[in-house]
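Hello,

Please find the structure below. My notes on it follow.

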Amino acid sequence: MAIITLTTDYGNKDYSVSSLKAKLISNIDNIRIVDISHDISPFNLAEAGYVLEGAFKDFPKGTIHILSVDSEPTPENKHIAIMYEESFFIGADNGVFSLIFKDKRPDQIVEINLHNNYNDISADELFVKVASHINRSGPLNVVGTEIMTIKEITNLRPVINKEMNQILGSVIYIDNYGNVVTNITEKLFKEVSKTRAFTINARNVKFSKIHKNYSDAIDFNLDKKDREEDGKKIALFNNLGYLELSIYRSNPQTVGSASTLFGLNYRDAVSIHF
């Protein structure tokens, strides 16, 4: 059974998601479609890359991942198909895949050439054709011309100052709980910190400790009435290895969240001083 995942900025109000699924069902027999997310902010490549990076490794090898964010076909927005770690990815060569694969090179990349011009086919139609071909075990070089590199997004990478005592990063994602995810990775933090003391600065909020997980910030040896839980601010590296700023058991709809209480939004600066 073919497994195809969908990550888009289509939202769930309009018919776009249903139309894409209908095209897939009509072209591929015995298919299982998994929605990773359709709530990516419009044209937000950082969100799309973060969400798909977090999900794709848990799928079986051979899964086909369709990523449709900022994918309108134009002469400047080429489409590509990628084989990486025995899975397949279809989307636009707009830099988003560089956020997913980081410095690792895919096994194969092709620039899709199934269309005669960029006005005669939609991105969805093109992606379905390629997914159908891959599902039939068709080689990628039949649907495109092999290329060696993909576009990179470099302005979302953290910066280290020349004195090697500061990392300047930014917010790349805010999750459903209002947790703030930055582009500073645990790997980079360890390389620069060298066990030095540090201060994390995010607007007017400071952190001097990084916890292992959310509950690590709570002293469960105390009676519940004596614990500091409500509004407890937490810094940790999440399961993807990114620095995350959180509020314990936050709820953006009621008590507030890291994003609302710290006043942090997408692309806001977060720095670490050593």
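**Notes on the model**

Before more detail, the ground rules. This is a predicted model, with local features needing pLDDT of at least 70, side-chain atom pairs pLDDT 80 or more, and totals for chains, interfaces and linings using all residues. Residues are numbered from 1 along each chain as its sequence is written, and side-chain values use heavy atoms, without hydrogens and water. Helices (H or I, at least four residues) and strands (E, at least two) are DSSP runs, numbered from the N terminus.

**Helix α1**

α1 covers residues 16-27. Its twelve residues reach 17 Å from first C-alpha to last, close to the 16 Å expected (1.5 Å times one less than the number of residues). Val-17, Leu-20 and Leu-24 are its buried residues (under 20% relative accessible area; partly exposed lies in between).

Seven strands form an open sheet with mixed pairing, in the order β2-β1-β3-β5-β4-β6-β7. Strands pair if DSSP finds at least two bridges between them. β2 and β7 (144-146) are the edge strands, each pairing on one side only. The twist averages 25° from one strand to the next. β3 and β5 (residues 87-92) run parallel, joined by three bridges. Ile-66 stands opposite Ile-90 in β5. α1 packs on the sheet and touches β1, β2 and β3 (contact: heavy atoms within 4.5 Å). Its direction makes about 155° with that of β2 (axes are lines fitted to C-alpha atoms, for helices over the stretch in contact; angles run from 0 to 180 degrees between N-to-C directions).

**Cores**

The largest nonpolar core has 28 residues (buried Ala, Val, Leu, Ile, Met, Phe, Trp, Tyr and Cys joined through side-chain atoms within 4.5 Å). Leu-67, Ile-82, Phe-89, Phe-97 and Phe-101 have the most contacts inside it. α2 (45-56) gives the most to this core, with seven residues. Apart from it lies another core of 26 residues, including Ile-90 and Phe-127.

**Lys-232**

Lys-232 sits in the loop between β12 (205-207) and β13 (233-237). It counts as buried, at 18% relative accessibility.

Best wishes

Technical notes: Buried means under 20% relative accessible area, exposed over 50%, partly exposed in between (1.4 Å probe, protein chains only).
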